[in-house]
Amino acid sequence: MPVIKARVTVTLKNGVLDPQGKAIEHALDGLGFGGVGSVRQGKVFDVEIEGADKAKAEADLNAMCEKLLANTVIENYSVTLI
Amino acid sequence: MKSAVVLLPGLNRDRDMIAALTKISGKAPVTVWQTDTEIPDVDLIAIPGGFSFGDYLRCGAIAARMPVMRAVAEKAAKGVQVVGVCNGFQILVEAGLLSGALMRNASLKFVCREVKLEIANANTAFTRNYAAGQVIRCPVAHHDGNYFADPETLARVEGEGRVVFRYAEGTNPNGSVNDIAGIINDKGNVLGLMPHPENLIEAAHGGNDGRALFESVLGLAKAA
């Protein structure tokens, strides 16, 4: 059975406060990494889908994002086949 | 008045909710499990607090996609009263039954303390035994109660008077926009709030400020 591999990236929308990203930003500064302007934290999902139909896989992955993987009130998502 | 309590793995305030509803209504609520596809004929459905599914992915995200939540949505559409407390609020938001999102507390810390709540709308089925503008005590215990909505949604929720509870007197514990602690849907039968009124219903709790919420929605007169 062929397998299609994909990576889904979920990030916070612009304008949505990201206190975790801010805390990471400050910690990087504390480690001596100067010049870090901003850090935004997100999520990555590596998904394997059985089959060879890439168009269907991509449509399914977008539906997965809309229904579960992302909260589109606060998050954007992108799907990349790899 | 008959009530039901939704049970999901990882909730931990279900016993408190069952105890509160039993004491206040005089009848034990029925319980429905996550895989149940039908909810018995009840007047009120309560979704308690806790950490359903370990807060994996996002708080309430997995629970909101369980079969029982389709049944809750069907009941809500028919006008049955629904209240979600804490994780229950997060589940209602994730299920799309309430607008906005609940994000990580601005302090990044879990908060467990008492706050002051202003009754921002006393003209709802859940708050009619309170007075508008009344400030009550209520405990909170959460890590993700930071209410957020995009500016258009927020303006609509505010404009329609759907903010029911606000943190008062500088006690906002989580950075919620406009100090929002609880909101209701446009039909006025689905309420979500982060604080725990079920934990302040009798003298043994050190106060009963939360009791009137349940008395309101159960159609009972306010206790003296």
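Colleague: What covers the buried residues of helix 2 of chain B?

Modeller: Their cover in chain B includes strand 1 (3-7), strand 2 (30-33), strand 3 (44-47), strand 4 (81-85), helix 3 (87-94) and strand 11 (190-193). The model is predicted, with local features requiring pLDDT of at least 70 and side-chain atom pairs counted only at pLDDT 80 or more, while totals for chains, interfaces and linings use all residues. Residues are numbered from 1 along each chain as its sequence is written, and chains are lettered from A and ligands numbered from 1 in the order in which they are written. Helices (H or I, at least four residues) and strands (E, at least two) are DSSP runs, numbered from the N terminus.

Colleague: Which residues of helix 2 of chain B are buried?

Modeller: A residue is buried if 20 or more other C-beta atoms, placed from the backbone, lie within 10 Å of its own. In helix 2 (residues 67-77) of chain B, these are B:V68, B:M69, B:V72, B:K75 and B:A76. They lie on the same side of helix 2 of chain B, because they cover an arc of only 115° around the axis; the arc is that of the directions from the helix axis to the C-beta atoms. B:G79, which follows helix 2 of chain B, has a positive phi, near 100°.

Colleague: Which residues are buried in helix 1 of chain B?

Modeller: They are B:D14, B:M17, B:I18, B:A20, B:L21, B:I24 and B:S25. Their arc around the axis is only 165°, so they too fall on the same side of helix 1 of chain B. They pack against strand 1, strand 3 and helix 5 (211-217) of chain B, where contact means C-beta atoms, placed from the backbone, within 7 Å. Just after helix 1 of chain B, B:G26 has a positive phi of about 80°.

Colleague: In what order do the strands of the open sheet of chain B stand?

Modeller: Two strands pair if DSSP finds at least two bridges between them. The nine strands follow the order 2-1-3-4-11-10-9-6-7, with mixed pairing. Strand 2 and strand 7 (135-142) of chain B are the edges, each pairing on one side only.

Colleague: How many bridges join strand 6 of chain B to strand 7 of chain B?

Modeller: Eight bridges join strand 6 (residues 111-119) of chain B to strand 7 of chain B, and the two run antiparallel. B:E118 stands opposite B:V135 in strand 7 of chain B.

Note on methods:
A residue is buried if 20 or more other C-beta atoms lie within 10 Å of its own, exposed if 12 or fewer, and partly exposed in between; C-beta atoms are placed from the backbone. Two residues are in contact if their C-beta atoms, placed from the backbone, lie within 7 Å.
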